[in-house]
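Hi! Here is the structure I promised to pass on to you. Have a look at it first, and then read my notes below.

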Amino acid sequence: MLPVAGESCCRALVELAPTLRSLMAITYYKRLRMEIDLDGHGATLAAALPGRFVWVPWEEDLLADHAEVKFQSFRYEIDAYVFPCLGDRYGCQRLMREIRRKPGFLPGATWLIACPEGYVATVQGVMDLGPIGAIQNLGVIPSYRGIGLGRALVHRALAGFQEAGLRRAYLEVTAENNAAVQLYRSLGFHRAKTLYKAVDG
Ligand SMILES: CC(C)(COP(=O)(O)OP(=O)(O)OC[C@H]1O[C@@H](n2cnc3c(N)ncnc32)[C@H](O)[C@@H]1OP(=O)(O)O)[C@@H](O)C(=O)NCCC(=O)NCCS
């Protein structure tokens, strides 16, 4: 018996459907814009580091080091799915160059933390329209987490915003990034807006 016209083509499409669906799938990640009022924020005091760690202020020739710490901090994290460049060494270098080129780039809100083994944590800050301080990427290399470096970095960035005369700051965080959301809440950030980021694949 002859197949109904187009049947084999339909069957092929049905068989292909799961593959096509997975190729075309879009995932929506919930993101929170969180803000903080900087008036009265005790940033400088709280930016103290545990004994063997030191602050490293921004210098142009540290761009590659910020990028590398960013890559080591984000490569296996949820944000590497939301922003694939964060899971890629060259992507992190590109992103770092973009942040540096922003007109509002703030050296005073951009820091590395170092210890005898090398650089272990990074944060970058820019001034956005508002004006308002924007924390870009906060990252602590996994084996150095849980000892207060993330909190100290946020305090240090906020102090940089205050020194630049800013009175408010914000950041965006993926809602399921529990560690980061808890950290920001504990510092006084509150949710200002919910956003959804569409990611292919
Ligand atoms: C989020 C991140 C920067 C936290 O750095 P950290 O140095 O481990 O954080 P701290 O030790 O300063 O912890 C400060 C607070 O954060 C919260 N926190 C940190 N890790 C947590 C975890 N695993 N679960 C829940 N809360 C956590 C707690 O409130 C903690 O305070 P506490 O120690 O008094 O309980 C780090 O996990 C990281 O680099 N993650 C990958 C990159 C990333 O997602 N960055 C944020 C992008 S928005």
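**What I found**

Leaving aside residues up to four places away in sequence, Val54 touches Leu49 and Ala114. Before going on, keep in mind that this is a predicted model.

Val54 sits in strand β2, which covers residues 54–57. Is Val54 buried or exposed? It's exposed, because there are 11 other C-beta atoms within 10 Å of Val54, and a residue counts as exposed with 12 or fewer.

Now for the inside. In soluble globular proteins, nonpolar side chains tend to be buried together. Here, the largest nonpolar core has 33 residues, and the ones with the most contacts inside it are Ile113, Val120, Ala121, Ile135, Leu149, Leu153 and Ala157. At least two core residues come from each of β1 (26–37), β3 (105–115), β4 (118–128), β5 (132–135), α6, β7 (168–174) and α7. Which element gives the most to this core? That's α6, with 8 residues. Another core lies apart from it and has 8 residues, including Phe71, Phe74, Leu95 and Met96.

Not counting residues up to four places away in sequence, Ile135 touches Val123, Gly125, Val154, Ala157, Ala169 and Leu171.

Among the buried ones are Leu149, Gly150, His155, Arg156 and Phe161. Just past the end of α6, Gly165 has a positive phi of about 85°.

Last, the ligand. How many residues surround the ligand? There are 22, and the closest are Arg145, Gly150, Arg151, Ala179 and Leu183. Two or more residues of this shell come from each of α3 (63–74), β6 (139–140), α6 (149–163) and α7 (178–187). The largest share, 6 residues, comes from α7. By type, the shell splits into 9 nonpolar, 9 polar and 4 charged residues.

Cheers!

Key:
Residues are numbered from 1 along each chain as its sequence is written. This is a predicted model: local features need pLDDT of at least 70, side-chain atom pairs count only at pLDDT 80 or more; totals for chains, interfaces and linings use all residues. A residue is near a molecule or strand if its C-beta atom, placed from the backbone, lies within 6 Å of it. Helices (H or I, at least four residues) and strands (E, at least two) are DSSP runs, numbered from the N terminus. Ala, Val, Leu, Ile, Met, Phe, Trp, Tyr, Cys and Pro count as nonpolar, Asp, Glu, Lys and Arg as charged, and the others, Gly among them, as polar. A nonpolar core is a set of buried Ala, Val, Leu, Ile, Met, Phe, Trp, Tyr and Cys residues joined through C-beta atoms within 7 Å. A residue is buried if 20 or more other C-beta atoms lie within 10 Å of its own, exposed if 12 or fewer, and partly exposed in between; C-beta atoms are placed from the backbone. Two residues are in contact if their C-beta atoms, placed from the backbone, lie within 7 Å.
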